[in-house]
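Please open the structure in your viewer and keep the sequence beside it. This tour moves from one selection to the next and says what can be found at each stop.

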Amino acid sequence: MIKLEHIHPMLVHFPIVLILTGFLAEVIYLFFRKNNFFREAGFWMLCVGALTVVAAYFSGAFLTKELYGAAGTIQSTHELFAEFTVFSALIGATLKVYLKIEKKEETWLKWIDFAFYVATTILVCITGYNGGILVYEYLMK
């Protein structure tokens, strides 16, 4: 049986994988134009990744304990970047859905959407880095 406190550590890996892999697919499509598979893969991975970012954020907010001292500082930084990641992912996914619905995927707006994808990718890496420090430096010792 899965315990409630084990949900967050399992859940946080989904947005990392989805967003990073989706970003790679988006780069392949935008710069190499191989085929539409990569555009579709980037679209779906960002959309699902944005949903899992929200789920991971709330699981962290409600299922983890507050830490103090140096660990608390890292936790605060991790939480701040998690919030930035949530907003960036949701804005990027919303814009991507809008472009798809309005059939404007090949307009200049794709570059604004790509900028949000870049930001989301960087933010998920920073958030994951701080989460890794928190776990391996403070929680597993």
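At roughly what angle do the axes of helix H3 and helix H4 cross? Before selecting anything, note that this is a predicted model, in which local features need pLDDT of at least 70, side-chain atom pairs count only at pLDDT 80 or more, and totals for chains, interfaces and linings use all residues. Residues are numbered from 1 along each chain as its sequence is written, and side-chain values use heavy atoms, with hydrogens and water left out.

**First stop: two helices**

Select residues 36–63, which form helix H3, and residues 69–101, which form helix H4; their axes come within 9 Å and cross at roughly 145°. Helices here are DSSP runs (H or I, at least four residues), numbered from the N terminus, while axes are lines fitted to C-alpha atoms over the stretch in contact, with angles from 0 to 180 degrees between N-to-C directions. Contact means heavy atoms within 4.5 Å, and the residues that make it include Phe43, Ala50 and Val54 of H3 together with Ala82, Leu90 and Lys96 of H4. By class, this contact has 13 nonpolar, 3 polar and 5 charged residues, where Ala, Val, Leu, Ile, Met, Phe, Trp, Tyr, Cys and Pro count as nonpolar, Asp, Glu, Lys and Arg as charged, and the others, Gly among them, as polar.

**Second stop: leucine 90**

Now select leucine 90, which is found in helix H4 and touches Ala50 and Val54, if residues up to four places away in sequence are not counted. Leucine 90 has a relative accessible area of 33% and is therefore partly exposed, a term for values between buried (under 20%) and exposed (over 50%), with a 1.4 Å probe and protein chains only.

Next, select Glu26, Tyr29, Leu30, Arg39, Phe43, Lys96, Leu99, Glu105, Glu106, Lys110 and Asp113, which line the largest cavity. On a 1 Å grid over the protein atoms alone, a cavity is a set of points where a 1.4 Å probe fits but cannot get out, and lining residues have an atom within 4 Å of a point. The largest cavity has a volume of about 110 Å³, and a search of the whole structure finds 1 cavity of 30 Å³ or more. Helix H2 gives the most to this lining, with 3 residues, and the lining divides into 4 nonpolar, no polar and 7 charged residues.

Note on methods:
1 Å grid on protein atoms, 1.4 Å probe; cavity = no way out; pocket = protein on both sides within 12 Å on 5 of 7 lines; lining within 4 Å. Points joined across faces, edges and corners; volume = space filled by probe spheres on them.
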